[in-house]
Amino acid sequence: MADEHWQALEVAHRIVFGYGHLTWEWRKGIRSYFHPLVFAVLYKVLALFGLDTPWFMAHSPRLLQALFSAVGDLYFYKLSNAIFGNSVAKWALFSQLANWFMFFCFNRTLSNSLETVLTLVGLYYWPCMRASPSKAPLVLRKWGLAIAALACAIRPTSAVTWVYIGLLELAVTRDRLKFLVLEVVPIGALVLGLSCLLDRLMYGSWVIVPLNFLKFNFLSSGGDYYGTHKWHWYFSQGFTVMLFTFLPFSIAGSIKSKCWKLSGLIAWVLIVYSVQGHKEFRFVLPMLPIALMFSGYSLSVMEKADSDSRRKGSLDSHMKRPSKVGFAIFFLLATNIPMALYMSLVHQRGTEDVMIYLSKEAQNQKVKGILFLMPCHATPYYSTLHYDLPMRILDCSPSEEKGIPDESDHFMMDPVSFVSTLMTNRSLPSHVVLFDSEEQLLRDFLISHSFTEIRRFFHAHFKVDRDLQASVVVYALAN
């Protein structure tokens, strides 16, 4: 995913090493430095110990996110246990670990991944989420508030989740005025103040990121520039694809458990996000574990039914017939494991592979400059290359006026004319990177300018949101 590199790692690389590309979001001040600083600390440690090699630069951020995800798994189990008990908790954890989308996305360095971890940790500390809210120590709620505020600082849209939880807590708490005045306001103000101070330090001026984020994404629908979907997309496609074969188990668990506060949370978040035109799978990632908790409830019920059946029937009759839960486990693993492995290890891997290759070539002094003739932000950038040399990508900053195409659009409309103009006005790079779909149109042009194909990396078997981009091709300028 492009966003995992450009929204965090590229920024972190610039903070630590002094070079890296900041996308238009940072010029508009709609991103907080809170999340990139997590990886900036990692990069600084690598640099201090001389470990900032191509391998570590490409893989260590994922390893760090894997540690965060492990914390999320732990608190997911604790949350499930606090709400439904141990039997459901173990099956909920199985569902989380076996779900293809959690496997695919949870360890990626997206702000949504860390938001999901903080959501699971935060929910565990809120009394309103417990089976008996009145018995939970109120000191836990302060931790829940702090974590909720931190999640909102990292990703302002997390407020959608915490407004629902806050109202739920307000409905069950005894002293509502104390909750609002002595807990919500001071803790929220403290975290917001620290976030603003950090952004003031990094931006060099006062920038209220949550306000800018709200203006761009909700008040002006700026996100629609990158595509829109029908209002029902999360219900009919997005969230259902994320759940995949866990969907019927999650629906059944939601009905059987009658835990309407959790069902309501999922519905609330999906409905609010459905109002926006621009939609992505990752936006609703924090709700996926909650839905998988209901799947765990279904599997727990099935296990109990199998146990009751064994007690009532004879051992011989049981041995002849496989258990329902055993069949369900086989079905879920057989459908999710291939999907998880294919999407994580095979699908759209070319843009990652090409940058790892170019990084090694750059370290060996074989690369002098790179031109990326591809849709914007298609590959990682300096955070993976980790070598200070000239690189050029096609700009896709949204225009102030709707309907005006950006550089990436101009290139896709007429690749030959665009590249002819581009190379006339600048010195030739040593390497050109592009997808094979555009390479077919530009091959003669590149050859006429003394470029030759040197490597080709597999990328995808089928198209997603554009024409099939089967491979990533690298051309080099002949000596």
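Are Cys376 and Cys396 buried or exposed? Cys376 is buried, and Cys396 is buried as well, where buried stands for under 20% relative accessible area, exposed for over 50% and partly exposed for values in between (1.4 Å probe, protein chains only). The model is predicted, with local features requiring pLDDT of at least 70 and side-chain atom pairs counted only at pLDDT 80 or more, while totals for chains, interfaces and linings use all residues. Residues are numbered from 1 along each chain as its sequence is written, and side-chain values use heavy atoms, with hydrogens and water left out.

The structure contains one disulfide, defined as a pair of cysteine sulfur atoms within 2.5 Å. It connects Cys376 with Cys396 at an S to S distance of 2.1 Å. The link of Cys376 and Cys396 is right-handed, with 95° about the S-S bond. Distant parts of the chain are linked by this pair, 20 residues apart: Cys376 lies in the loop between strand E1 (370-373) and helix H19 (382-385), and Cys396 in the loop between strand E2 (391-392) and helix H20 (407-413). Helices (H or I, at least four residues) and strands (E, at least two) are DSSP runs, numbered from the N terminus. Cys105 takes part in no disulfide, and the nearest cysteine sulfur, that of Cys152, is 19 Å away. Cys105 counts as buried because its relative accessibility is 0%. Cys196 is likewise in no disulfide, the nearest cysteine sulfur being that of Cys152 at 13 Å. At 11% relative accessibility, Cys196 also counts as buried.

Cavities and pockets were located on a 1 Å grid over the protein atoms alone: a cavity is a set of points where a 1.4 Å probe fits but cannot get out, a pocket is an open set with protein on both sides within 12 Å along at least five of seven lines, and lining residues have an atom within 4 Å of a point. Grid points are joined across faces, edges and corners, and a volume is the space filled by probe spheres set on the points. By this rule there are three cavities of 30 Å³ or more.

The second largest cavity holds about 50 Å³ of space. Cys376 is one of its lining residues, along with others including Trp6, Phe372, His377 and Ile393. This lining has eight nonpolar, two polar and no charged residues, where Ala, Val, Leu, Ile, Met, Phe, Trp, Tyr, Cys and Pro count as nonpolar, Asp, Glu, Lys and Arg as charged, and the others, Gly among them, as polar.

The largest cavity has a volume of about 120 Å³. Of its 13 lining residues, Gln7, Arg31, Ser32, Ser111 and Ile154 lie nearest the centre. Helix H3 (34-48) and H11 each contribute at least two residues to this lining, which comprises seven nonpolar, four polar and two charged residues. Ser111 belongs to helix H7 (residues 111-125) and, at 8% relative accessibility, counts as buried. Apart from neighbours within four places in sequence, Ser111 is in contact (heavy atoms within 4.5 Å) with Gln7, His35, Ile154 and Arg155. The side chains of Ser111 and Arg155 make a polar contact at 3.3 Å.

The second largest pocket has a volume of about 590 Å³. Cys152, Pro156, Ala159, Trp162 and Val163 are the closest to its centre among the 25 lining residues. H10 gives the largest share of this lining, seven residues. The lining divides into 21 nonpolar, four polar and no charged residues.

Definitions and conventions. Polar contact = N/O pair within 3.5 Å; in protein donor to acceptor, adjacent residues only side chain to side chain.
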